[in-house]
Amino acid sequence: MDSPGGIALTFVLVVLIIFVIIVLVRSVRIVPQARAGVVERLGKYQRTLNPGLTLLIPFVDRLLPLLDLREQVVSFPPQPVITEDNLVVSIDTVVYFQVTDPRAATYEIANYIQAVEQLTTTTLRNVVGGLNLEEALTSRDQINGQLRGVLDEATGRWGIRVSRVELKAIDPPHSIQDSMEKQMRAERDRRAAILTAEGTKQSQILTAEGQRQAAILKAEGDAKAAILRADGESQAIQKVFDAIHKGNPDQKLLAYQYLQTLPKLAEGSSNKLWIIPSEVGEALKGIGSALGGTNPDPRSGDLFGVQDGGKPEVRDSDQSGGHPGEAAARTQA
């Protein structure tokens, strides 16, 4: 069994080992990257710790909570703000800031996040209070710039740099929202009506222009077609005329062709009367001479109802009961 002196020595050694471990733990500090620590020696600011391994004097130096040197984003709850036209709007803000001086952020302000929030609220009310609702809704960049300038100037002595201030939302009262929606709907309807009218106008103009161009082209086409048709008929008549003269037709052929044309005079269902010209006798006389027959005397007045006066008799096809072409056929027979 161990003696009392051995037990006491063992206890002392254990206490000494625990003390050494505690001293080592309190003496060695590791500061992570993008962090900073403030060291106080006997309650007074001693130095600022940079990232890396650092040794402290146990029970003399005290390391305060580490500060984050990265840019931070803080979203503040909606704040009621009264505009120049006495309308209460709710505005959400987002502030981007960064700790640049850990010592100032520790000793110059108790809670820099709360301080930034309250400063943002008061500055926002001052800026928006000088604007009406429409200007507040359409001048976000201007409001953001003014807020950033005021906050950056005020927080500079706190070791904080405000990089950006954004208005996340501006919510007017529900009654104002309804009125704005009606106004915007009416404006959209007006613009739609204007665009529709402009489209209809342009469509009618283009249609009229197309019809005018089509009429001009059609008239030009008809004129050219008439000219070409007339030229063709002229050339055809000239060729026929030249062919007839080259063939040197005699009186007999001309008389025969004359008689062949007579039945065409009575063609058509609307013809009620037909007239036999006085030249038919001369044509028959030429044909009779060609066939060697006896020439009828055209002066006798018996041929085709010609009377002594030498005038042809007009016969009604309906009274005779025959077709208008039958007389010509009987004449040829």
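**Notebook: core, salt bridges and surface patch**

**Entry 1. The core.** I looked up the largest nonpolar core and found that it has 30 residues, with Ile-91, Leu-124 and Ile-143 making the most contacts inside it. A nonpolar core is here a set of buried Ala, Val, Leu, Ile, Met, Phe, Trp, Tyr and Cys residues joined through side-chain atoms within 4.5 Å. I then noted the elements that each supply at least two residues of this core: strand 7 (72-82), strand 8 (88-99), helix 3 (112-129), helix 4 (133-138), helix 5 (140-155) and strand 9 (160-171). Helix 3 gives the largest share, seven residues. Helices (H or I, at least four residues) and strands (E, at least two) are DSSP runs, numbered from the N terminus.

**Entry 2. Basis of the values.** I record that this is a predicted model, in which local features need pLDDT of at least 70 and side-chain atom pairs count only at pLDDT 80 or more, while totals for chains, interfaces and linings use all residues. Residues are numbered from 1 along each chain as its sequence is written, and side-chain values use heavy atoms, with hydrogens and water left out.

**Entry 3. Ile-91.** I listed what Ile-91 touches, not counting residues up to four places away in sequence: Pro-77, Pro-78, Gln-79, Val-81, Leu-124, Val-128, Leu-167, Ala-169 and Ile-170. Contact means heavy atoms within 4.5 Å.

**Entry 4. Salt bridges.** I searched the whole structure and found nine salt bridges. The term stands for a side-chain nitrogen of Lys or Arg within 4 Å of a carboxyl oxygen of Asp or Glu. I also noted a network of salt bridges that links Arg-35, Asp-68 and Arg-70.

**Entry 5. Arg-41 and Asp-61.** I examined the salt bridge between the side chains of Arg-41 and Asp-61, at 2.6 Å from N to O. Arg-41 lies in strand 2 (residues 35-41) and Asp-61 in strand 5 (residues 61-63), so the pair ties together parts that are 20 residues apart in sequence. Is Asp-61 buried or exposed? Asp-61 counts as buried because its relative accessibility is 5%, whereas Arg-41, at 30%, counts as partly exposed. Buried means under 20% relative accessible area, exposed over 50%, and partly exposed in between (1.4 Å probe, protein chains only). Leaving aside neighbours within four places in sequence, I found Asp-61 in contact with Val-39, Glu-40, Arg-41, Arg-47 and Leu-56.

**Entry 6. Pairs within helix 6.** I looked up Glu-187 and Arg-190, whose side chains meet in a salt bridge (2.5 Å, N to O). Both lie in helix 6 (residues 174-247), three residues apart, about one turn of the helix. Glu-187 is partly exposed at 28% relative accessibility, and Arg-190 is partly exposed at 43%. I next noted the salt bridge of Asp-222 with Lys-218, whose closest N and O atoms are 3.1 Å apart. Asp-222 and Lys-218 are four residues apart in helix 6, so about one helical turn separates them. Asp-222 is partly exposed at 40%, while Lys-218 counts as exposed at 56%.

**Entry 7. The surface patch.** I found a nonpolar patch on the surface formed by Val-14, Leu-16, Ile-18, Phe-19, Val-20, Ile-22, Leu-24 and Phe-59, with about 750 Å² of accessible area together. Patches are made of residues with over 30% relative accessible area and no salt bridge; like charges are joined within 9 Å, and nonpolar side chains (Val, Leu, Ile, Met, Phe, Trp, Tyr) within 5 Å. Accessible areas come from the Shrake-Rupley method with a 1.4 Å probe; for residues, only the protein chains shown count as cover.
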